[in-house]
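Please go through this model with my notes beside you. Each point covers one feature.

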Amino acid sequence: MESLEAELDRARELAVADLADAIETIGFECTRCGACCTAEDDDPHTATVFPDEVRDLQAATDYDFRDVARPMPYGLDETDDGGVGGETFEWALQTDSCGDCTFYAEDDDGVGACTVHDDRPLVCRTYPFSVALAGTSQPMGEAVDEEGLVRAHECEGLGRDISREDAEELAATLKERAVRELEEAIGVRDAYEPARPEPGAVVVHDSEGAKRPDGSAYER
């Protein structure tokens, strides 16, 4: 397996035109179905968000850190009182009581929309696509289509015509996301030190160090 640094170099060298070609071949048009923003069966919506994206959303909404993001649930252990504890990596967008993204809303006709559309994170801007490089995230399960290094994940909008302009814009954002994911992964690796929190406590490791669920620094 290539090192994260080698994969980062590959991500930085990705040709936007090639990514756009792949996106055009697969095809995509957002139908505003809301499936990528809502819970699936009993699984809450889970979308990775970078620390600076959390702060950007805070600035756009005046929300507290906990209202924007939650610890990534993978790796945490359930406690006897129904809570969770342990150490995890990265942040996920916060969810509501139904497990839907806290920023998702439907109008009276049931049409979904993102309430922070202009400030939405890179993972939301690029769904249902990802880049097949080690160290990059693969949202919503296995890919259902693939063209070159571009993977497509389950979405009813796949296979629809997309303009070259929209494909190139999406491709540029997809490249940006791949680079950011690898930079974050390297940052997490380099900043990581085992926290060994008390039972029932949660520590999140991101590229800025160990943090509590409210985003504040974790002090051992």
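**Notes on the model**

1. The sheet is open and has 4 strands in the order 3-4-11-12, with mixed pairing. Strand 3 (77–78) and strand 12 (209–211) are at the edges with a single partner strand each, so one side of each lacks a neighbour in the sheet. Strands are DSSP runs of E with at least two residues, helices are runs of H or I with at least four, and both are numbered from the N terminus. Two strands pair if DSSP finds at least two bridges between them.

2. This is a predicted model: local features need pLDDT of at least 70, side-chain atom pairs count only at pLDDT 80 or more, and totals for chains, interfaces and linings use all residues. Residues are numbered from 1 along each chain as its sequence is written, and side-chain values use heavy atoms, with hydrogens and water left out.

3. Look at strand 11 (residues 202–206). Strand 11 pairs with strand 12 in the antiparallel sense, over 3 bridges. One detail to find: V204 has K211 in strand 12 as its bridge partner.

4. Which helix lies across strand 4 (84–89), strand 11 and strand 12? Helix 6 (residues 164–191) does, running at about 120° to strand 11. Axes are lines fitted to C-alpha atoms, for helices over the stretch in contact (heavy atoms within 4.5 Å). Angles run from 0 to 180 degrees between N-to-C directions.

5. There is 1 cavity of 30 Å³ or more. A cavity is a set of points on a 1 Å grid over the protein atoms alone where a 1.4 Å probe fits but cannot get out. The largest cavity has a volume of about 50 Å³; a volume is the space filled by probe spheres set on the points. Strand 1 (48–49), helix 5 (122–126) and helix 6 each supply at least two lining residues. Lining residues have an atom within 4 Å of a point. Among them are T48, F50, R177 and E181.

6. The second largest pocket holds about 200 Å³ of space. A pocket is an open set with protein on both sides within 12 Å along at least five of seven lines. Helix 6 gives the most to its lining, with 4 residues. E181, E184, A185 and V188 are among the lining residues.

7. The whole structure has 4 aromatic pairs. Rings of Phe, Tyr and Trp (its six-membered ring) pair if their centres lie within 6.5 Å; planes under 30 degrees apart are stacked, over 60 edge-to-face, and the rest tilted. F28 and F129 are edge-to-face, at 5.7 Å centre to centre and 85° between the planes.
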